[in-house]
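Hi,

Here is the structure I promised to pass on. Have a look at it first, then read my notes below.

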Number of protein chains: 2
Amino acid sequence: MKTESDTDAIAQARQPHETKRRGAELSSLAQWMREHQDRFEAQAAGALPSATREPQRLHRAMRYAVLGGGKRIRPLLVYASGELAQADVGALDHVALAVEYVHVYSLVHDDLPCMDDDVLRRGKPTVHVAFDEATAMLAGDALQAEAFRVLAQAPLAAAARLDLVQELARAVGTDGMCGGQAIDLEAAGRVLEPAQLERMHRMKTGALLRASILMGARAGHLEATALPALERYAQAVGLAFQIVDDILDVEADSAQLGKTAGKDKAQAKATYVTVLGLDEAKDRAEQLRRTAGVALHETGLEASRTNRLLQLAEMIVARRS
Amino acid sequence: MKTESDTDAIAQARQPHETKRRGAELSSLAQWMREHQDRFEAQAAGALPSATREPQRLHRAMRYAVLGGGKRIRPLLVYASGELAQADVGALDHVALAVEYVHVYSLVHDDLPCMDDDVLRRGKPTVHVAFDEATAMLAGDALQAEAFRVLAQAPLAAAARLDLVQELARAVGTDGMCGGQAIDLEAAGRVLEPAQLERMHRMKTGALLRASILMGARAGHLEATALPALERYAQAVGLAFQIVDDILDVEADSAQLGKTAGKDKAQAKATYVTVLGLDEAKDRAEQLRRTAGVALHETGLEASRTNRLLQLAEMIVARRS
């Protein structure tokens, strides 16, 4: 949990005359983030199958993968977007669990030797290192099934739950995360055009981040007129997140990241830094932060309702891990 | 497609005086199976992402895994159970795709080197041999997401679709298929009690077969009084299928099976044959066939409605591949 350094970073990026007001806002953001990260952790600990239940090794692996780590960006986006749409927080818990289960399953599979072959994740040994490869694969598979199960059980009307299931399935499948990972595999060692790179990232990480924001809103009651602008916010934030990830892979060290730094270069991956260069990648992230802010304004909703999503967009671009 | 030899086998297992009547019934079963296998194949070919769409390698691997092979036992159970419940066949197509996608994803992942490390499946090289391990893993992951997507899009009321999503998620997760596979992993090289073995198989293969039958019925309108008996049928058929699989692993050769024969023994797996012995395993399969027949009778439905499921139970026990 790097909320302290994140908020420092945002404060530093501001002009002096803004610092005091932003300082108060950010301290309230840091508190809100901690509360919701803690809430998510408690929900996940309660919802995941108990480590004492058979098959214990699988359940231990699933809990190891999900609990006690991660910035919980996707759950935070769910809660913030759900607050904007005045959703019931109990329903948002289900949505937050579903998107984080999917995110975690993708990390567990991605870290396997046949993919990125990584040994460090969220500051701990990866699941296949702590357990074994077969268990890691099954834990990922089971987390995907759990994601759909927990989503289908949200305390919402049947039609709303079904919408959420469809939104998640689209974000995970070949038009979303899995498709983006496949393009990433095919692109290793090849030179990509900026447009191809953007398409890959819109699918690989952008689709699930976007879905987190839209699903949070769908769990509540969002004015239909606000939806297109919220979609634009979600697109911008999804892409900005990945650009910053690519920048951090170059600029941060493994201890900061809790995962292996410098691995994009080692694996000759196409990233925003390799394709655009570091400075232009930073400019693009900053530009997307502004796009996200404008989009929130264009929802036509009061600033008091959109403010949390604005803060999260700023945090996502300013983060250092 | 081994329908000819399956129906021969059933006919041979009968007494001479029954042969003529059963011969006519079985030829009608063989025709019904071919029609529905062809229907499923056409549905899957149309529903799966096109091989010419990006990411092509992923889509090619998904189509390679699903199309042109397999007995389609689960789709057949869906169609038969759906007919019993007078379901719309267009809705059953979605259910059949969903259960078969899940089954295929589990085969693709199960065949990977970190699991069973198998090179032959449905008479073809396994997906990681024909493509590569990373693509095989992603194809399995994407097929799971596709299963939930296609199910959530079935032409049924939202509440019914949601029921189906929940039923499938339960059958796939740690209380079902993934949990059973994890128990199987832990059990390798160990001696299991018959009750432990049965529990493992009820989860590993039984849960999805059972779900196929119940989901087919849920897609239509089944008399509530018939449901408990249909559940007993589904339990019996799910378990009988696995016992026969274990018997065939010993008695059939790889060419018949289209997958590597004798592999349970080579991997020191606990099976019905190793735990009960061959003769007792055959007795148990026959006993479950009778249980399935009695359960169908106890649904209180006319024989004309339950007959197809009865024939499928007999085919599942008598099959030679």
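A helix here is a DSSP run of H or I with at least four residues, a strand is a run of E with at least two, and both are numbered from the N terminus. By that rule, A:Leu143 sits in helix 7 of chain A.

Before going further: this is a predicted model, where local features need pLDDT of at least 70, side-chain atom pairs count only at pLDDT 80 or more, and totals for chains, interfaces and linings use all residues. Residues are numbered from 1 along each chain as its sequence is written, while chains are lettered from A and ligands numbered from 1 in the order in which they are written.

Back to A:Leu143: is this residue buried or exposed? It counts as buried because it has 28 C-beta neighbours inside 10 Å (buried takes 20 or more other C-beta atoms within 10 Å, exposed 12 or fewer, partly exposed in between, with C-beta atoms placed from the backbone). Leaving out residues up to four places away in sequence, A:Leu143 touches A:Met62, A:Tyr101, A:Val104 and A:Tyr105; contact means C-beta atoms, placed from the backbone, within 7 Å.

Now the two chains together. 40 residues of chain A are in contact with 40 residues of chain B. On chain A's side, helix 7 gives the most, with 13 residues.

As for chain A overall, there are 16 helices and two strands, and 53% of its 321 residues count as buried. Its C-alpha trace spans about 55 × 45 × 35 Å along the principal axes.

Cheers

Conventions: Contact = placed C-beta atoms within 7 Å.
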